[in-house]
Amino acid sequence: LHGDLVIGADSHTCTYGALGAFATGVGSTDLAAAMLTGELWFKVPATIKFVISGTLKKWVSGKDLILNIIGRIGVDGALYQAMEFTGETIDALPMADRLSMANMAIEAGAKNGIFPPDATTEAYVKPRAKRPYTLYASDPDAVYAQIIEIDAGRLEPQVAFPHLPSNVKGVSESGNVKIDQSLIGSCTNGRIEDLRIAAQILKNRKAAPGVRLIVVPATPLIYKQAMSEGLLDIFMDAEAVISPPSCGACLGGHLGILAEGERSVATTNRNFVGRMGHPGSEVYLASPAVAAASAVLGRIASPEEL
């Protein structure tokens with residue numbers, strides 16, 4: 001909840017920052033110590049404030065915003081700092097997109113990513129909260145290590161090329177990158193909103209011959225919702241394989257592990273060497289919209305091309 005300090009053994013615990021919580025990943029040893037004592041030692045991080053303005057073009061999402069930011073500042077651009085996301089674009093951003101952005105703060109080396117809670121946060125938290133919570137905002141005179149302004153209205157869908165989340169290009173600059181696999185899911189982009197976008201693009205279309213299309217709903221609840229909304233039918237008609245909710249191939253486990261020389265476009269968060277299988281494979285990070293369009297065309301592509 002907003003105002004909470006949340007830790008987890010997974011580095012992507014920082015996802016809770018979308019709700020206005022200070023959330024960060026720690027090692028298993030630190031987690032055990034916190035479970036025993038209820039306390040943990042932290043250095044207060046300096047904050048980089050991102051002021052994001054402009055109306056997002058069609059098919060541009062929170063995933064594209066965070067990829068663009070990581071491309072600008074680098075994988076160590078926010079080392080042990082807090083990334084605070086503000087501005088009119090953020091005010092209009094749905095919760096699913098905020099969760100995707102907070103999720104990848106760690107990919108910029110940040111200690112945490114955080115969004116000031118607003119009406120969108122309240123609408124998300126109210127039906128789920130089991131205890132009272134406090135809304136916190138930054139002081140008007142808060143001091144920032146850096147303030148970075150971004151005009152998001154000019155962005156097109158983004159793609160992170162191997163082997164770093166910061167090796168980012170616009171989809172139109174991708175060239176002809178043939179793919180063997182398209183993976184839609186993970187803690188970054190496996191929410192119902194992500195699946196709806198993918199289904200919108202895949203409806204009445206099929207994955208290109210030779211392309212494995214794998215859809216991994218993030219949770220059992222999302223899986224059930226996708227089923228009741230008819231999204232799973234659309235995916236199956238597109239000849240996708242639907243996986244049980246899991247991390248899956250994101251960390252080289254279960255369905256979708258890459259062989260030597262294979263390329264996958266994925267809605268996941270990391271594309272380091274060997275992340276999804278063989279060290280000789282390649283992972284390209286993108287949004288569900290780009291992953292779905294790429295599956296249909298057999299190469300990295302924008303939905304605008306369909």
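Helices (H or I, at least four residues) and strands (E, at least two) are DSSP runs, numbered from the N terminus. By that count, the protein chain has ten helices and 13 strands. This is a predicted model: local features need pLDDT of at least 70, side-chain atom pairs count only at pLDDT 80 or more, and totals for chains, interfaces and linings use all residues. Residues are numbered from 1 along each chain as its sequence is written, and side-chain values use heavy atoms, with hydrogens and water left out.

**Whole chain**

Show the C-alpha trace. Along its principal axes, the trace spans about 55 × 40 × 40 Å. The radius of gyration is 19 Å, which agrees with the value near 19 Å for a compact globule of 306 residues. That radius is taken over C-alpha atoms, and the globule rule is 2.2 Å times the number of residues to the power 0.38.

Now colour by burial. Buried means under 20% relative accessible area, exposed over 50%, and partly exposed in between (1.4 Å probe, protein chains only). Buried residues make up 53% of the 306 residues.

Accessible areas come from the Shrake-Rupley method with a 1.4 Å probe; for residues, only the protein chains shown count as cover. The accessible surface comes to about 13500 Å², and 54% of that belongs to carbon and sulfur atoms.

Contacts come next. A contact means heavy atoms within 4.5 Å. Among contacts between residues at least 6 apart in sequence, 71% join residues at least 24 apart.

**Salt bridges**

Side chains of opposite charge can pair when their charged atoms come close. A salt bridge here is a side-chain nitrogen of Lys or Arg within 4 Å of a carboxyl oxygen of Asp or Glu. The structure holds seven salt bridges.

Select Arg98 and Asp118. They form a salt bridge, with the closest N and O atoms 2.9 Å apart. Arg98 sits in helix α4 (residues 95-103), and Asp118 in the loop between β5 (112-114) and α5 (119-125), 20 residues apart. Arg98 is buried, at 0% relative accessible area. Asp118 is partly exposed, at 23%.

Select Glu107 and Arg270. Their side chains meet in a salt bridge (2.5 Å, N to O). This pair links distant parts of the chain, 163 residues apart: Glu107 is in the loop between α4 and β5, and Arg270 is in the loop between β12 (263-266) and β13 (282-285). Both Glu107 and Arg270 are buried.

Select Glu229 and Arg196. Here the closest N and O atoms of the salt bridge are 2.8 Å apart. Glu229 lies in the loop between α8 (220-228) and α9 (231-237) and Arg196 in helix α7 (residues 192-202), so the pair ties together parts that are 33 residues apart in sequence. Glu229 is partly exposed, with a relative accessible area of 34%. Arg196 is partly exposed, also with 34% relative accessibility.

**Helix α7**

Stay on α7. Its buried residues are Ile192, Asp194, Leu195, Ala198, Ala199, Ile201 and Leu202. An α-helix has 3.6 residues a turn, so residues three or four places apart point the same way. What covers the buried residues of α7 includes β9 (181-185), α6, β10 (212-216), α8, α9 and α10 (288-297). Then step to Asn204, which follows α7 and has a positive phi, near 60°.

Select Thr188, in helix α6 (residues 186-189). Thr188 is buried, at 0% relative accessible area. Not counting residues up to four places away in sequence, Thr188 touches Lys63, Ser100, Asn103, Met104, Asp194, Thr267, Thr268 and Asn269. For scale, draw a line to Lys130: the C-alpha atoms of Thr188 and Lys130 are separated by 25 Å, at 58 residues apart along the chain.

Select Leu285, in strand β13. Leu285 counts as buried, at 0% relative accessibility. Beyond residues up to four places away in sequence, its contacts include Leu67, Met104, Gln158, Val159, Ala160 and Pro165. Leu285 and Ser228 are 28 Å apart, C-alpha to C-alpha, and 57 residues apart in sequence.

Finish at Thr13, in the loop between β1 (5-8) and β2 (22-25). Thr13 is buried, at 9% relative accessibility. Leaving out residues up to four places away in sequence, Thr13 touches Val6, Ile7, Gly8, Ala23, Thr24 and Gly25.
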